[in-house]
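Please consult the sequence and the model shown below while reading.

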Amino acid sequence: MGPLGYFIIALIIIVAAIIVANLKIVPQSKAYVIERLGAYSTTWDTGIHVKIPFIEKIAKQVSLKEQVVDFPPQPVITKDNVTMQIDTIVFFQITDPKLFAYGVEKPIMAIENLTATTLRNIIGELELDHTLTSRDTINAKIRGILDEATDPWGIKVNRVELKNILPPKEIQDAMEKQMKAERQRREAILTAEGQKESQVLVAQGQKESQILRAEADKEAAILAAEAEKEAKIRKAEGEAEAILRVEEARAKAISLINEAQPGEGYLKLKSLEAFETAADGQATKLIIPGNLEGIASVAATAKEIIK
């Protein structure tokens with residue numbers, strides 16, 4: 001092989017080396033901004049690309065992922081002249097690599113300054129209390145303003161969050177005292193409500209107890225009256241039955257006497273017993289027949305009446 005052959009082989013090796021050196025692979029979520037002879041040429045997306053040596057160059061490698069930037073605290077003044085420190089977090093994403101590369105110098109610094117001025121403008125229209133309770137509103141306003149302002153830079157602002165709101169020390173002390181007083185007030189209210197509920201429950205219990213006691217007394221009185229009534233009824237029935245038994249015994253005795261047909265001596269004896277019983281009484285006068293025959297006649301008359 002002559003010198004010409006070696007030269008061709010060397011040339012082929014050099015060209016292959018140059019091609020391999022200018023062979024570029026763009027990874028996922030990346031974009032390369034390409035300049036040709038100093039001017040913007042194209043944007044490479046994910047894949048394999050070949051750069052023209054000595055003519056094209058990669059001007060900027062841009063990440064298409066969502067990025068987070070935590071800006072340091074910024075001093076702001078509220079509407080009621082209270083100075084506080086607020087630090088913000090901005091979530092943004094590059095949507096146009098060309099605009100991001102040529103739109104603004106140092107875009108992150110531009111977003112930080114724009115966030116600080118926007119925050120001061122919004123907080124300057126709010127009072128301290130409203131500022132502390134309106135984070136969502138402030139976040140939405142800042143995000144809208146930043147998204148509109150960064151659109152020409154190929155940046156989309158997705159979210160803005162107020163990380164910390166730090167009022168002055170004396171304001172913090174006053175707020176802590178206010179919160180402590182509010183907690184004590186709530187505690188006193190809860191205690192009073194608990195005592196009130198307890199008293200209501202006790203009163204209800206006493207009322208129910210009195211009702212139950214009254215119902216028990218009523219039932220006891222009813223039972224006592226019914227028992228007394230039953231006792232009187234039974235007593236009356238017993239007395240009536242006793243009287244009936246006595247009268248039946250008398251009638252039976254009289255019947256037996258009549259059946260026996262007592263003699264004159266028995267009748268005289270009974271008459272004498274009757275006079276003895278009358279003599280034992282409280283009568284002041286006693287009339288006695290003149291002879292016992294009269295007594296016998298009286299007894300005989302009584303016998304006839306009994307028959």
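The lining of the second largest pocket comprises five nonpolar, two polar and one charged residues, where Ala, Val, Leu, Ile, Met, Phe, Trp, Tyr, Cys and Pro count as nonpolar, Asp, Glu, Lys and Arg as charged, and the others, Gly among them, as polar. The model is predicted: local features need pLDDT of at least 70, side-chain atom pairs count only at pLDDT 80 or more, and totals for chains, interfaces and linings use all residues. Residues are numbered from 1 along each chain as its sequence is written, and side-chain values use heavy atoms, with hydrogens and water left out.

**Second largest pocket**
- The residues lining this pocket are L128, D129, L132, T133, I171, M175, Q178 and M179.
- Its volume is about 180 Å³.
- α6 provides the largest share of the lining, four residues.

**Largest cavity**
- The largest cavity has a volume of about 30 Å³.
- Its lining consists of F71, P72, Q74, I86, T88, E112, T115 and A116.
- β8 and α3 are the elements that give two or more residues to this lining, and α3 gives the most, with three.
- By class, four of the lining residues are nonpolar, three polar and one charged.

Notes: 1 Å grid on protein atoms, 1.4 Å probe; cavity = no way out; pocket = protein on both sides within 12 Å on 5 of 7 lines; lining within 4 Å. Points joined across faces, edges and corners; volume = space filled by probe spheres on them.
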